[in-house]
Amino acid sequence: MRRKMLQGVVWLAALACSAVCASAQLSAPMAGLETKEGDYIAHDFKFSDGQTLPEVRLHYTTLGTPQRDASGKVTNAVMILHGTNRMGRAWLAPTFAGVLFGPGQLLDTSKYYLILPDQLGAGLGKSTKPSDGLRAKFPHYDYSDMVRASQILLAQGLQVNRLHLLIGASMGCMEGFMWGESNPDDMDAMLLLSCLPVEVASRNRMVRKIMVDDIRLDPGWNNGNYTEQPYGLRAALGHLLVVGSAPTRWQKEYPTAAAADKFVNDYIEQNMKTTDANDFMYQYDASRNFDASHDLDKIKAKVLLINPQEDFWNPAELGIAEEQIKKVKNGKFVLLSFPESYGHYTFFQAAAWQKYFAEFMKMLPN
């Protein structure tokens, strides 16, 4: 069973067309891992904007088997939260799963119960999202709604009351800070990758606003009631490509105008086939009221925050992470200088930071 090959040609095509693939150059999912997928239906889900949906579908992928103590509580659960507009199965990429999920590795699936949710609203995922039918009438959710949905999936859908470890990258990293503050007894530890716990402002917010406005101000968007993807989505995807860039790596891989032009053209055309404009807008606007900086002292879990040196979204030169992590009682920050950096998406390159993760895991209870 452990050698069951992953099926999913459709998923692979979607991943290959995602911004993560374009920026981190992921290829095929990790073969040889046994996965299970499922859905939990949350009823009468109330959003932070006051709206309620009678049913919200929460899709997930799991690996491994839950282990329970004498009282029946799961003791080996690890939840991994993906970044904006992605899906849980993105973590099955060889550069992540191949480094962490195998026998004897840090997240060996024979030892841990790994939970990879498709977060609420995620464009590439199978959980409830605007493109399912409501379009621009979909509740105007934010990160607090997404965190609460993951908490409901965990506790009610999977009957897991505590996490041994919560891992989050990019958006998932920011949500990790929120979760650790609001429910500090939910986890032993958190590995957080590529984010800052402060308000999304300055250049970060500017880019998000630009991308949303690229679509919103396009007449073809038609208040969300388009019959084909609006042209403004192309501009938004172009902006996303730039902010996810890895200058050092790209200089080596696309050193000529012809190579750079081809990369951009291929990226835009591929992503236009897999991205929905409403889903995209909702996801990038969901961070509008995020700011976890005020309650970091409420986090009880051990926290390791790792940010890459080359990260357009979270500029290392601002020194924000170093200052904010001091507020976390059991927090540590690592600024990762990686010669072969993939920029913001270095979190997919587990080999680049696994030594810090290994040291961190030694500090956790068995």
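Predicted model: local features only at pLDDT ≥ 70, side-chain atom pairs only at ≥ 80, totals over all residues.
Two packed helices are described by the angle between their axes and the distance between the axes. For helix 6 (residues 202-216) and helix 7 (residues 232-243), the axes come within 7 Å and cross at roughly 160 degrees. An angle over 145 degrees counts as roughly antiparallel, so helix 6 runs roughly antiparallel to helix 7. The crossing of these two helices is left-handed. On the helix 6 side, the contact is made by Val 207, Ile 210, Met 211, Asp 214 and Ile 215. Facing them from helix 7 are Gly 232, Leu 233, Ala 235, Ala 236, His 239, Leu 240 and Val 243. Sorted by class, that contact comes out at nine nonpolar, two polar and one charged residues.

Helix 7 also packs against helix 9 (residues 257-274), this time at about 125 degrees and with the axes 10 Å apart. That angle makes helix 7 oblique to helix 9, and the crossing here is right-handed. Helix 7 brings Leu 233, Arg 234, Leu 237, Gly 238, Leu 240 and Leu 241 to this contact. They meet Phe 263, Val 264, Tyr 267, Ile 268, Glu 269, Asn 271 and Met 272 of helix 9. The tally by class is nine nonpolar, two polar and two charged residues. Leu 233 and Leu 240 turn up in the helix 6 contact and again in the helix 9 contact.

Next comes the covalent cross-link. Searching the whole structure turns up one disulfide, formed by Cys 173 and Cys 195 with their sulfur atoms 2.0 Å apart. The link is left-handed, with -60 degrees about the S-S bond. Cys 173 sits in helix 5 (residues 171-182) and Cys 195 in the loop between strand 6 (187-193) and helix 6, so the bond ties together parts that are 22 residues apart in sequence. Both Cys 173 and Cys 195 are buried.

Finally, there is Leu 81, a residue of strand 3 (residues 77-81). Leu 81 has a relative accessible area of 1%, so it counts as buried. Setting aside neighbours within four places in sequence, Leu 81 is in contact with Trp 91, Pro 117, Gln 119, Ser 150, Leu 166, Ile 167, Gly 168, Ala 169, Gly 172, Glu 175 and Trp 179. As for Gly 157, it is 76 residues from Leu 81 in sequence and 16 Å away in space, C-alpha to C-alpha.

Methods. Residues numbered from 1 in each chain as written. Heavy atoms only, no water. Axes fitted to C-alpha atoms, helices over the stretch in contact; angles between N-to-C directions. Helix = DSSP H or I, 4+ residues; strand = E, 2+ residues; numbered from the N terminus. Parallel < 35°, antiparallel > 145°, perpendicular 65-115°, else oblique. Left-handed = near helix turned anticlockwise from the far one by under 90°. Contact = heavy atoms within 4.5 Å. Nonpolar A, V, L, I, M, F, W, Y, C, P; charged D, E, K, R; others polar. Disulfide = S-S within 2.5 Å. Buried < 20%, exposed > 50% of the residue type's maximum accessible area, 1.4 Å probe, protein only.
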